[in-house]
Amino acid sequence: GAVVSQHPSWVICKSGTSVKIECRSLDFQATTMFWYRQFPKQSLMLMATSNEGSKATYEQGVEKDKFLINHASLTLSTLTVTSAHPEDSSFYICSARESGSRGGTDTQYFGPGTRLTVL
Amino acid sequence: QKEVEQDPGPLSVPEGAIVSLNCTYSNSAFQYFMWYRQYSRKGPELLMYTYSSGNKEDGRFTAQVDKSSKYISLFIRDSQPSDSATYLCAMRTTGNQFYFGTGTSLTVIP
């Protein structure tokens with residue numbers, strides 16, 4: 001159980017275009033989802049926390065107009081990188097928090113990540 | 001001072017060795033402790049989850065928590081080349097704030 005999927009796994013786009021990344025919790029409902037960015041050989045950097053049905057909370061230094069997050073349902077959150085530029089090239093990872101109400105671990109389960117390359 | 005401190009390594013051991021990975025923390029509000037394994041270009045995978053002081057064993061992995069010393073460890077017995085990855089410690093408060101260590105890169109040499 002507690003599987004999180006991400007789509008696409010790898011995307012290459014031209015500078016100036018927008019890219020949408022989907023994050024789904026496949027076998028549990030996730031009231032909270034997190035979006036991270038990771039540069040090579042570096043740790044996870046939390047970008048934003050999204051709660052179903054409400055606006056995302058962005059970490060300091062993360063542009064909310066550039067990284068649009070929508071958490072429309074208990075199993076789906078999307079991250080849209082608008083007007084992407086080469087410096088946005090990175091590994092984007094989502095995670096979903098499984099509530100402990102079902103006796104779960106109430107921890108984060110991560111998706112496999114999406115590698116974004118902006119040319 | 002960071003909330004969670006983790007030696008980034010890299011750590012290199014021969015196959016079959018016992019590996020010890022550690023994190024220290026400063027926030028007494030951390031009550032839940034996790035270890036994740038991340039292979040290159042993959043998302044982190046939850047390995048161990050614990051919320052009490054003491055040891056928790058799962059196969060070749062043992063998670064140890066010492067709340068009095070604010071210190072957690074992950075031990076890997078009979079290490080295998082397939083254990084080569086980055087290991088992240090993570091901690092959560094009762095208020096559901098998560099903090100991650102920077103990760104320790106481990107290489108197990110055949």
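Biologist: So, how many residues of chain B are in contact with chain A?

Modeller: In this predicted model, 16 residues of chain B are in contact with 17 residues of chain A.

Biologist: And how much area do chain B and chain A bury between them?

Modeller: About 1,300 Å². Of that area, 58% is on carbon and sulfur atoms.

Biologist: How many salt bridges does the rule find across the interface of chain B and chain A?

Modeller: The rule finds zero salt bridges there. For polar contact, the count between chain B and chain A is four residue pairs, both residues at pLDDT 80 or more.

Biologist: Which elements give two or more residues to the side of chain B that touches chain A?

Modeller: Those are β4 (30–38), β5 (45–50), β9 (85–93) and β10 (98–100) of chain B. The largest share comes from β4(B), with three residues.

Biologist: How do the residues on the side of chain B that touches chain A divide into nonpolar, polar and charged?

Modeller: Eight are nonpolar, five are polar and three are charged.

Biologist: Let's zoom out. How many helices and strands does chain B have?

Modeller: Chain B has zero helices and 11 strands. Reading along its sequence, you go through β-β-β-β-β-β-β-β-β-β-β.

Biologist: What radius of gyration does chain B have, next to that of a compact globule?

Modeller: Chain B has 13 Å, which agrees with a compact globule, because one with 110 residues would have a radius of gyration near 13 Å. Along its principal axes, the C-alpha trace of chain B spans about 40 × 25 × 20 Å.

Biologist: What share of chain B is buried?

Modeller: Buried residues make up 42% of its 110 residues. As for contacts in chain B between residues at least 6 apart in sequence, 55% join residues at least 24 apart.

Biologist: New topic: where does A:T17 lie?

Modeller: A:T17 lies in the loop between β2 (10–13) and β3 (19–25) of chain A. It counts as partly exposed because its relative accessibility is 31%, between the 20% and 50% cut-offs.

Biologist: What is A:T17 in contact with, leaving aside its neighbours within four places in sequence?

Modeller: A:T17 is in contact with A:V81, A:T82, A:S83 and A:A84.

Biologist: And which backbone oxygen lies 2.7 Å from a polar atom of the side chain of A:T17?

Modeller: That is the backbone oxygen of A:K14.

Biologist: One last thing: how far is A:T17 from A:Q38?

Modeller: Their C-alpha atoms are separated by 21 Å, and the two are 21 residues apart along the chain.

How values were computed: Residues numbered from 1 in each chain as written. Chains lettered and ligands numbered in written order. Predicted model: local features only at pLDDT ≥ 70, side-chain atom pairs only at ≥ 80, totals over all residues. Heavy atoms only, no water. Contact = heavy atoms within 4.5 Å. Buried area = accessible area lost by both parts, 1.4 Å probe. Salt bridge = Lys/Arg side-chain N within 4 Å of Asp/Glu carboxyl O. Polar contact = N/O pair within 3.5 Å; in protein donor to acceptor, adjacent residues only side chain to side chain. Helix = DSSP H or I, 4+ residues; strand = E, 2+ residues; numbered from the N terminus. Nonpolar A, V, L, I, M, F, W, Y, C, P; charged D, E, K, R; others polar. Rg over C-alpha atoms; globule rule 2.2 N^0.38 Å. Buried < 20%, exposed > 50% of the residue type's maximum accessible area, 1.4 Å probe, protein only.
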